[in-house]
Amino acid sequence: MLVIRPIRESDFDALMLCAEESGIGFTSLPVNEELIRGRIDHSVESFARNATSPGTEGYLMVAEDTETGEIAGTTGIEAAIGLENPFYSYHISKVVHHSRRLNVHNVVEVLTFGNNYTGATEICTLFLRPEFRGGLNGRLLSKCRFLMLAQFPDKFSDIIFAEMRGVSDEDGNSPFWAWLKEHFFSIEFTLADYLTGIGQKGFIADLMPKLPIYVNLLSEEAREVIGQVHEKTRPALRLLEKEGFSRRGYVDIFDAGPTVECMRQNIDSIRRSFTARVKIAEHGSAQDYLICNNDFQSFRATATKIGVDVERNEALISQEVADALLISEGDTVRVVAL
């Protein structure tokens, strides 16, 4: 059984392994020991803080195999981005060039540089190690964050968004960045991505063009990947789209991968989730549920089969599941059917 829990200092080696296996383009997990330790420390402090409103907290969690103790992956939530370090993105919009005298009417797309997601909550750092992919594990790692958002809404913004990895080749080369590099930068995509991951974002503001960029002036290769996702990211995008996330025209400034967003109360798993009292009992249910406890600092979530007694508002769970979630009979849990 995989159980989601807050990351600990002892998970450093496991998180480093996830960083190494995630590959180039996974900005939130660069292979940097100092940054990885910093992210773990910040998460531990954030969970201990017990915030009552969204701020600079970053909540990093891991999926632990209860049988082996092995870490299967990681997932995270940034409560409100851009409050300490600026968060940049491009917005795709249209500009009309019209001359009645010449009978010319052209509609062109432009990319506008900005910080429009400042203060929004970001779901991020989702990585499941290859040997654990399959079954309910991917959905658990992604959707457990929605149970946390539903159970503890005061800690998060009303706007929830996610950046999806854009197109790059096996060597980490991005067609979109290749055009930017040629005209505005003199560093490789992998270095720019790494510097952003470790928090050194000053070069972005220094070198990024401030005026809108006309899309039709970009190379054909760069235009083709705007708003497209990396092939390894397509399953994650499909899952979010099923939850109600949609594109609002924002893309990443490095690889032009799309950003998707949804109002918190409109996320499907949040709308369908409900709370119930725990009854530890054997049951014959074949229905899979996501289930989490009601303790933020000792947050636990898993995906398993449980029984639900609607009339009594009870969740029937086994002793094994109760132990994994650190709950007892009579406690409150939040559940959502898969």
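This is a predicted model: local features need pLDDT of at least 70, side-chain atom pairs count only at pLDDT 80 or more; totals for chains, interfaces and linings use all residues.
Local features are taken at pLDDT of at least 70 and side-chain atom pairs at pLDDT 80 or more, while totals for chains, interfaces and linings use all residues. Residues are numbered from 1 along each chain as its sequence is written, and side-chain values use heavy atoms, with hydrogens and water left out.

**View A. Asn103 in the loop between strands S4 and S5.** Asn103 is not a glycine, yet its phi is positive, near 60 degrees. Its relative accessibility of 70% places Asn103 in the exposed class (exposed, over 50% relative accessible area; buried, under 20%; partly exposed, in between; 1.4 Å probe, protein chains only).

**View B. Asn313 in the loop between strands S14 and S15.** Asn313 counts as partly exposed, because its relative accessibility is 32%.

**View C. Cysteines without a disulfide.** A disulfide is a covalent bond between the sulfur atoms of two cysteines. With a disulfide defined as a pair of cysteine sulfur atoms within 2.5 Å, the count is zero. The closest cysteine sulfur to that of Cys18 belongs to Cys144 and lies 14 Å away, which is too far for a bond. Cys292 is likewise in no disulfide, the nearest cysteine sulfur being that of Cys144, 9.0 Å away. Cys18 is buried, with a relative accessible area of 1%, and Cys292 is buried at 0%.

Note on methods
Helices (H or I, at least four residues) and strands (E, at least two) are DSSP runs, numbered from the N terminus.
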